[in-house]
Amino acid sequence: MNKYVFGIDVGGTTIKCGLFSSKGEILDSWEIVTNKEDNGDHIVSDIARTIEAKCEEKGIQLSDVEGVGIGVPGPVDNNGVVKVAVNLGWTERHVKTELEEMIKVPVAVGNDANVAALGELWLGAAAGAQDAIMFTLGTGVGGGVIVDGKVVAGVHGAGGEIGHLAVVLEDGNQCNCGKKGCLETVASATGIVRETEKFLLHTAEESTLRQLEKFEAKDVFDAAKAGDAVGLKMVDQLGRYIGLAAANLAATTDPQKIIIGGGVSKAGDILIDTIVKHYQNYAFSAVRQTQFVLAELGNEAGIVGSAYLAKTL
């Protein structure tokens, strides 16, 4: 008899949904709008309805669904309680209990970045590994730490908050979390732009970036690839910060692979090569040769990891 799992990735604008066989074959994927009215009170019921509708469409009985995994943008405790998800308007949301009561199917809930790391571990860049670290470099910096095939979530659900590792110890930028000097402030797409603008403001060094009225992180990488001295310096600085953070994490968990994902990872080899150079300088000898890989699943990492989370129920 066929068994199924659902993977749900809740974002601030849309909720990505996937129907999987229990063996990991994706059977269908779709999106629904994230309804944030009334402090996000409708989100869980919308998820229940879209699961029920998909089962009806595919002729699947809910009794044949082994579980539903959900990734959410916020810390999640071991009971499936979301402590806070600002983008959704949630505080203290008992997502696991709520959804289980609605559809009578086991539910697992995890932080979205942790869940994406699980996706890469199951069907992506780290397939076959049991120990991995993932950096997600986008508008912010997230990530996940996986040991023995399980996410390190911690007692408060805040495990793997890689973006809030302190890497700038003096005169660091203010982070949205309230601290200064977090990795997110220098390694996110916005952080890269801010650091480059700061450098250009305090130096007269020539750069093609000065010709642009506004530039993005991609422009900094493109400049570096073209041999622009400022672009090269900024990519090197970025690699140093990520390499330092990765070395500290690797000394703690000794991963088989370190995955670099998110929009910034589209820079490709120049980013990986620079990170590895600095990582090997900072890393403990036993973990110095840890393999770095680019994430492979892209926007599907969330639903794949959520489906894997459901499989572990």
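Buried means under 20% relative accessible area, exposed over 50%, and partly exposed in between (1.4 Å probe, protein chains only). Helices (H or I, at least four residues) and strands (E, at least two) are DSSP runs, numbered from the N terminus.

This is a predicted model, where local features need pLDDT of at least 70 and side-chain atom pairs count only at pLDDT 80 or more, while totals for chains, interfaces and linings use all residues. Residues are numbered from 1 along each chain as its sequence is written, and side-chain values use heavy atoms, leaving out hydrogens and water.

**Exercise 1.** Find how many residues of helix α10 are buried, and what they pack against.

*Solution.* Start with the stretch 301-311: ten of the eleven residues in α10 are buried. Among them are Ile303, Val304, Tyr308 and Leu309. Now look for contacts (heavy atoms within 4.5 Å). The buried residues of α10 pack against β1, β2, β3, β4, β7 and α4.

**Exercise 2.** Work out the strand order of the open sheet and name its edge strands.

*Solution.* Two strands pair if DSSP finds at least two bridges between them. The edges are β10 (150-151) and β12 (291-294), each pairing on one side only.

**Exercise 3.** Describe how β8 pairs with β9 and with β11.

*Solution.* Take β9 to begin with: six bridges join β8 (132-137) to β9 (141-147), and the two run antiparallel. They form a hairpin with three residues between them. Check a pair: Met134 has Gly144 as its bridge partner in β9. Then turn to β11, which runs parallel to β8 and is joined to it by five bridges. Here Phe135 partners Ile260.
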